[in-house]
Amino acid sequence: MSDEEHHFDNKADAGASKTYPQQAGTIRKNAYIVIKQRPCKVVEVSTSKTGKHGHAKCHFVGIDIFTGKKLEDIVPSSHNCDVPEVTRTDYQLIDISEDGFVSLLTENGDTKDDLRLPTDDQLNAQISTGFHDGKDLVVTVMSALGEEQICALKDIGPK
Amino acid sequence: MEQQDLQCSMQAVEQSCAALHVSDPGIRSSAEATLLAFRKSPHPFYACQYILENSQVATAKFLAAATIQEAAIREWTLISPEEKSRLRSYCLQYVMARVETSEGYILSKILSVVAALLKRGWLEYTQAEKASFLEEVEQAVAGRHGLAAQRFGISLLEALVSEFSLSTASPMGLPAEFHDKCRASLEAGYLQKFYAWAFDASVMVASKALEGQGENQESAICTIAIRLMTQILNWEFRGKLAVLGKSRASTLSSSPASRKSSEQLQLWHDLLVSPAKVTWILNFYEHIHQKGNAWLDLPLSVVVRQLIVLMCSLNGSIFPTDGAGTQEQHLQRLLNCIISWIDPPEYVISAVLAGTSESEMLDGCRALLAIATLCSPSSFDQLLLSFRQTGTLSLLSSLTCGIIKASCVRESEEPSWTYEALEVLLETWTVILQPADLSQKVPLPPSGIEAASAVFQTFVEFEMKLSESSALDEDDADDMAAFSDEAREDRLSAVALIARTVPSVSLSLLTMLVSKCFSEIRQSLGSETTTRCLEQLHWLTILSGHVLADPGEGETPTVPESILAVSAEPATHPAVSLSFALIDVAQQSLDATFRTTLSPRMMEAIVWFFGRWVETYLMPDHAGRGPSSTPSGHEGQGVSVGVLFDGRNALNAAFGKDGGGPAVLEILVRVALTSLTAWRGEQVLQEYVSSRLLPALVRRRNVCVQLLSMGSWQELATVFARQDQMLLSLSDSVQRALSGCLCRSAQGLANADAANHYVKDLLMPMAASLAEFSGRKDLATFSQQPNVIHQVSCVLERLRGAARETIPRTQKAIFEVGVSIMKPLLVFMEIYKNQPSVVYLLLKYVVVWVDAEVVFLEPKDTTTVFNFCVQLLSVYSAHNIGKVSVSTSRSLQNEAQTEKYKDLRALLQLLTNLSSKDLFDFALHADENPDVAQVVYLGLNIITPLISADLLKYPKLCRQYFTLLMHMLEVYPEKVAKISPEGFSQIIGTLEFGLRQQDVEVVNMTLSALGALGVFQYQALCKGDDGLGAQSRTSGGDDVLSHFLKLLMHFLLFEDYSNDLVEPAADALLPLILCNTALFEKLKQELVQRHQDVESQERVSTAFHSLSRGIEIASTIDRSIRRKFRSNLFVFLNDLRGFLRTR
């Protein structure tokens, strides 16, 4: 996705880029967290203390939900962390264009044409073959901090 | 075999041996294959001998030796007796000829080959054969053929003893009975002789062995001879001779000993405990001891010391029954020698610190432990008094103190000798103070009291210094769980035991130190000194917890007897003073300004301490009652009763219901509340509060009564119910535990109405907020906000915690709360379909809630619950079946898998909980309760597509799945039969999978499920119904049940399984046979036809006949038929399995 489109997304759906403060000590494994401005899923949390009689701190290992990169952060457990709002929306797949963009049907009948096929080969192949075989596919689009990506699909059966 | 062939095979083996070290895996695996083939080749003896004699490659020789053993045992019945004895003498000669060479391990391998050969033929040889062979060995051991032969003779005996001992025996493919017979034969007839020979041999070479630097031939012989003696003492004696070995202490059974065994006992007595023999060994070591440090770690010295320590633990009928006089003398004799290893302690320890080897001192400690295990405290003390001024206990005490001081000097962290010595010595104390058999507990002699208090004081002093110096250490990784750490726990319990023998001294010391530390902390606000004092106070708190109280662990702990026995005024009772010193700390921690001086770690210790203390001291149930009878053998029981009362009165006045109890309780509740709210983010502390302190407070009803009347508890409950942000920021497990404790305290209310009212007040506000959320117009966007997700998750956790603590008295309230949120939950299930963590919490809550409620439900309520579950399951399946999600990151993908797995487990639990309903209501006919079947049917439809062979590899999931499957097939086979064809074949597939599992329980459940399926089909056949109908023919044309019949027969006859499985297998096999007798007949014919000779054919068909005897005409499968068939199957398998499988 180019920067321009990023910009566009933010304007179009400003609410989706919201983050919320939450106390570090309560963020557990499998939750979401913002590390270095990236939305991550927490895959590991450990706590330790600053010296024997110091206070607790949390060590987070997160995986960027879009790029899959690993990120780490250490926060005193009484401080707040940013938690991103991660939403998943289902759309019916209408078309796949030549240049790799997909056309999706929204709930109110409009089309959404600003998303590419996912970067993941397996999912990509499943969408493409499924679509060309004429299956009815519903794709799930995950969005967080103004970024969007197709993350799952489901075959709702032939018509 | 030709010379050339031999040469060839040697080269092949040598090359392969060399190739084993090549890095290329291809070459390596082909080399391995060659070697394996060589080991398996028939009659390889000449090739092996050729390699042994001519090869230069050590590994090749070793392999050749191993091959001889393997092949000889494999082909034992095919080899002629001459060949066997030729092999044996070949090996012996080989070793004799090379005894001087350096390849010791090949020689000892060959000796073990000889031992294995001897054992294999042991039961076949005549007495004379064995005697003549052993006579030769004896000659060698006695040194008649020179030193080399002597050494090799003893080694051979060593190999024999280890081969005949059950735990070290090499596998021979023979029944356990054979091994046991060999063991018994050696034990009864030979061990004694071996011991005597070894003893004589060591006596013979002893003086030479002591010459030089301990490296000569004689010293080596002496070492292995004594090693053989220790090996024999370590032998696991059975039956009448079970008299030796470590603290096994079993005595002769009451039946009159046969003459032979009493003769044997006498012989053992002469060998092991007669003064002359013992004194010789002790004197021998004395000589070694005098050689100084250089000798202490020689193998010879080590092994002699081992022998002496082993002799310390001799016990039982080897000593004549003369009031333990002989044993006492024996121990005195040993102690007299051992004392020089450890006494005077200061001197010995400083020598070790200066560089002397510590091994002798450690062995001294071990010997003390061995002796203490066998003596009462006073006789232990007396042992030394017979030839000294001071008793053994004061020696033990000064040794322990010395070691504790020495560990101060040593800085290194890794387990050092001081650590090990202290372990052994503390165990010695434990054995003295708390014998395994409590009826043998006797009070310490006065000298012991002194000794114990010295040890305790030194220990405290040392640990205080250690805490002070380690307070500022940064690396806290292993300190985090310091007091759950097992080793530390053990040590503290041992020290606490010592402290309790001198309660007045120890408790006063602790009180004094606690007050001192605390006042220092208050004076030096916020400096490094504070940290030092905090660490000391932390440690003192933990130790005080151990000294004052025992861990409850499900039982109600009582005040330690010795503390109760201290008689004093309430105000001055040492336990009361110590408790109040710590209560003072707790109370001060409530002060917001002072709190900043304290640390989370300090608070953890305080909370831990009170979690333990509350159960023992706070408002005890038995207040006012006299002391319950104790199992202790208090000599002056009559006198001590009054004394016991005294301590109890003091404690009651201080912490009883009518004494100071309520005031202390108030402080503790405030401490809990403050810890949860004022120590933000300190998870460990909060875990301690919610999982230790609060559960301890609500465990007993009388305390709950008090709690509920208190303002602080009300405050906690209000803050909780209001969903105050303060408490919402606690972690999930704390939420659950806190909610559970609050609900549990309802047991203190007078009646069910009040209790239900209280629980509803607590939970309804949260249920209401869930309902409010679910009704919002902007739910779709609102619900996805992280803070909302957080709050919903918290509420779900709390409700689950509350449901888990359902008690009959609050069941109604918990049920109503659950019903009130049914609709919201369904909405959430839908709206959070993309938030797996919320879905999981939701499922878990329903699982726990159903589990808690299902036993109480009326038919009307049951319908409500079941309808709800059906809806919930359908929503879940609508969103989770057939969805493929792929993520760019492998670890995220794995996480998603794990989430699915956890969901599935929750679903399985839910279905199992639901289907257990009809177990409680079995009086109702199934037709009146159709919901169960409906839920089960739907559940199966949902579950089966999700289950995969990969998922079943998780043991927990596997068990749960088969539990459910078994239950469903037993109770609702007709429902299962109606499931979709894909689902059905999936179930059949998993059944086949289950049959092949290692887990006996899973196989058992699979068999029950199969049996249920078979019975269902058979009954249908009898009635002329359709039964499984078309379903049964879905898997590839073959009838499903016939398939299982074949599978089960093969399983029973040809595979390995536990004997416990035969009965369930019989129950499964019977209906399968009855369903398809034709196939059964065919299987029988197949097995008969496998055999060529008439006799075997006869045998197989007779066995089959006996299997089906009495069941052919069965029209129904009732209990008597089942029982009959079970015993038939046992006979059948006995007859046939061994016969068929050996082929």
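Reply: Contact between domains

The C-alpha centres of domain 1 and domain 2 of chain A lie 31 Å apart. This is a predicted model, in which local features need pLDDT of at least 70, side-chain atom pairs count only at pLDDT 80 or more, and totals for chains, interfaces and linings use all residues. Residues are numbered from 1 along each chain as its sequence is written, chains are lettered from A and ligands numbered from 1 in the order written, and side-chain values use heavy atoms, with hydrogens and water left out.

Domain 1 spans 19-84 and domain 2 spans 86-158 of chain A, bounds that come from an automatic or database domain assignment. Each domain gives nine residues to the contact (heavy atoms within 4.5 Å). About 780 Å² is buried between them, 65% of it from carbon and sulfur atoms; buried area is the accessible area (1.4 Å probe) lost on putting two parts together, summed over both. A:Tyr32, A:Ile65 and A:Phe66 supply 65% of what domain 1 buries against domain 2, more than any other three residues.

One salt bridge is counted between the domains (a Lys or Arg side-chain nitrogen within 4 Å of an Asp or Glu carboxyl oxygen). A:Arg38 and A:Glu147 form a salt bridge, with closest N and O atoms 3.0 Å apart. On the domain 1 side, strand 2 (32-35) and strand 3 (38-49) are the elements giving two or more residues; strands are DSSP runs of E, at least two residues, numbered from the N terminus. That side divides into six nonpolar, two polar and one charged residue, where Asp, Glu, Lys and Arg count as charged, Ala, Val, Leu, Ile, Met, Phe, Trp, Tyr, Cys and Pro as nonpolar, and the others, Gly among them, as polar.

Note on methods: Helices (H or I, at least four residues) and strands (E, at least two) are DSSP runs, numbered from the N terminus.
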